[in-house]
Amino acid sequence: MTTPMLEIRDLHVRIEEREILKGVNLVVPKGEVHAIMGRNGSGKSTLSYVLAGKEDYEVTSGEVLLDGQNILDMDPSERAVAGLFLAFQYPIEIPGVATMTFLKAALNATRKAKGEGEISTPDFMRAVKEAGSQLNIDSDMLKRALNVGFSGGEKKRAEILQMALLKPKMAVLDETDSGLDIDALQVVSKGVNALRDGTRSMLVITHYQRLLNHIVPDVVHVFSDGKVVESGPKELALELEAKGYAGFDGEKAA
Amino acid sequence: MSLVPVRLGPAETTLIAQLHAVGAVAEAERLAAIGLPTRRVEAYHYTDLKQLMRAVPELADDPLAAADVTVSPPALSVAGAFQLVIANGRVQKHGTAPGGVIVGASKGGVLTTRDDIVTRLNGAFATDALTLELEGSVGPVIQIDRRVEGRAGHSASAARIFVADGGSVTILEVYSGSDEAHLSNHSTFLQVGKGAKVTHITVNLMSAKATHFATSEYVLGEDANLRTLIINAGAAVSRTQAFPRFAGPGAHADVTGLNLVADGQHADITMDTLHAVPHTSSKPLFKSIARGRSKAVVQGRLVVARDAQKTDAKLMSQGLMLSDEAEILCKPELEIYADDVVCGHGSTCGQLDDDHLFYLMSRGIPKSEAETMLVRAFLAELIDPIEDEPLNEALTDVIEGWLAKA
């Protein structure tokens, strides 16, 4: 058996005294797209932040292996250059940091980790332009400060642009569909699907089955009360949509 | 005047003797009577000169008279700038002035009637004043280097600058000197003519042992436009004062400043703006970055006269603390006598935003680089408006150099 791209073993996480993740087990093999569906407050976003290495969370036990390598002791930048990418549910606005400066710094950090030299400005411009055109990102948007004044849809497209440039091994998409209208959803999904290449893995976190019509997963996991309660083929998402989460975890809707 | 005689410290005693030596008897008597300001004097609340000034060095030598004193190049140079030098308070020879620039020198200090101890001491001790008359659109940056040379000395320097109606110019003043415990006190009087556009930048790169005072007084004519940028990066103790006075309607000023303080430093930017006539606007913006055990002070006062209707003024001060032992102190004051104005102030102080840092790092940018990006972002508002490219780069280098020392 080959090493999975992502393996989460009995992951327990708390914030202050409250346990949020209560023993998550999840395996995403190379090249597969998995979806995590769950109601609000089930711990889905916590899982994405813990994978990316946000400081506010305390991992009390468990392991997270990225391509066989334990990443829990790495800081967020080390995880990123190791090949992990989180598309944020709410991308952060950073006034004063130019989008292009940021993209170049991120790209060069990734290249440096691979032992490659800094990208030349013309090559960089070309790469951004090419990736941007597929996502309907114009140069005006790129001239602004990072995510500042971007609409909800623009922010999500900018996240996918970053993913396209950084070419991660493992991408976690946290509610990438939230705040998107149908047209924007199609653009974003197209961008994501273009990055499915048979080796890159993805973990798509969402509330709604809707996104999974566009980004069709190989496996669907149902998440409830801090752990995976059911896993199955993509049809599981439809079943979930019909029965509601209560049909899986027995709890009433929050 | 106080009935209880003040106890004078060694710094005051030396200053009084020096004032007598230069014939400033009235000033000497006044200082003997009231002493240097303490924190009980509101304008010096955070910069208690009686505490901070322990000793005053001897009056500085005239570099032309003292054979062992040589004038070194400034700590900052800008390509293409026209350079003028004042060393130990004495105006030095200069090269051929560019078009629209008339350089002269006169006796005495700066043109002021301001009742402020630093300004009064400058007036008493400054022997020469550099005078500059500027007309039309002056191409090169005018750089005035205020050097303090030789052994530790007390010196005062002055410049009087007049920008003609419709003129435009960028003036850079750099304070630097030998690595000694100097006491230097510099002043600038800058009159901005009708419709003129002036950028005035002052950079304090004094020795880490020095005590540094600099005061700029501005008079803005009708429709004049002024941008200032104070950068405090040097000296153990510094106090930089900006006193803009709006004398003509339609005038606008962006008074900005930056304190960069590291371990052991105390830097104070104090602004006192007078909106004396109707329809003027100002947007003071100050930032401080403090690390180690240091103190940065920003005081900003907006005074709006009774007749100065339609004044639009917004004062902002932002602090970034890079250590737990750093202190950033901000004091805004609004004194408004008119009833139809828009005036406000705001202040923020904190550390780098964790969410910002996490986002940058989540894209692979190492922590130290992410921090530098965020500090640069914090400062962009101050540096970006400086249009002259070599000057913008030189100022960026000063800041990057300071950041790199962390």
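Q: In this predicted model, which strands of chain A does α6(A) lie across, and at what angle does α6(A) run to β6(A)?
A: The helix α6(A) covers residues 152-166, and in the predicted model α6(A) lies across β6 and β9 (170-174) of chain A. Relative to β6(A), the helix α6(A) runs at about 165°.

Q: In what order do the six strands of the open sheet of chain A stand?
A: The pairing in this open sheet is mixed, and neighbouring strands are turned by 20° against each other on average, with direction ignored. The order of the six strands in chain A is β6-β9-β10-β3-β11-β12.

Q: Why is one side of β6 (84-87) and of β12 (227-232) of chain A left without a neighbour in the sheet?
A: Each of these two strands has a single partner strand, so one side of each has no neighbour in the sheet. The reason is therefore the place where β6 and β12 of chain A stand, which is at the edges.

Q: Which residue of β9(A) stands opposite Leu84(A)?
A: The strands β6(A) and β9(A) run parallel and are joined by four bridges. Opposite Leu84(A), the residue in β9(A) is Met170(A).

Q: Which residue of β10(A) is the bridge partner of Ala171(A)?
A: The strand β9(A) also pairs with strand β10 (residues 201-206) of chain A, in the parallel sense and over five bridges. Within β10(A), the bridge partner of Ala171(A) is Met202(A).

Q: How many of the five residues of β9(A) are buried?
A: In a regular strand the side chains alternate between the two faces of the sheet. In β9(A), Met170(A), Val172(A) and Asp174(A) are on one side, Ala171(A) and Leu173(A) are on the other, and all are buried, so that both faces are covered. Of the five residues of β9(A), the number buried is five.

Q: Which residue of β12(A) stands opposite His221(A)?
A: Strand β11 (residues 219-224) of chain A is joined to β12(A) by five bridges, and the two strands run antiparallel. The residue of β12(A) that stands opposite His221(A) is Ser231(A).

Q: Are helix α6 (residues 152-166) and helix α7 (residues 182-194) of chain A roughly parallel or roughly antiparallel?
A: The axes of α6(A) and α7(A) come within 10 Å and cross at roughly 5°. Angles under 35 degrees count as roughly parallel, and the crossing angle therefore makes α6(A) in relation to α7(A) roughly parallel.

Q: How do the residues of the contact of α6(A) with α7(A) divide by class?
A: From α6(A), the contact is made by Gly153(A), Lys156(A), Arg157(A), Ile160(A) and Ala164(A), while α7(A) gives Ala184(A), Val187(A), Val188(A), Gly191(A) and Val192(A). By class, these residues divide into six nonpolar, two polar and two charged.

Q: Which residue takes a positive phi in the hairpin of β1(A) and β2(A)?
A: Strand β1 (residues 6-15) and strand β2 (residues 18-28) of chain A run antiparallel and are joined by eight bridges, and the bridge partner of His12(A) in β2(A) is Lys22(A). The hairpin has two residues between the strands, and the residue with a positive phi near 50° is Glu16(A).

Q: Is Ala246(A) buried or exposed?
A: Ala246(A) lies in helix α10 (residues 246-249) of chain A. A residue counts as exposed if 12 or fewer other C-beta atoms lie within 10 Å of its own; because Ala246(A) has 12 such atoms, Ala246(A) is exposed.

Conventions:
Residues numbered from 1 in each chain as written. Chains lettered and ligands numbered in written order. Predicted model: local features only at pLDDT ≥ 70, side-chain atom pairs only at ≥ 80, totals over all residues. Axes fitted to C-alpha atoms, helices over the stretch in contact; angles between N-to-C directions. Parallel < 35°, antiparallel > 145°, perpendicular 65-115°, else oblique. Contact = placed C-beta atoms within 7 Å. Nonpolar A, V, L, I, M, F, W, Y, C, P; charged D, E, K, R; others polar. Pairing = 2+ DSSP bridges. Buried ≥ 20, exposed ≤ 12 C-beta atoms within 10 Å, placed from the backbone.
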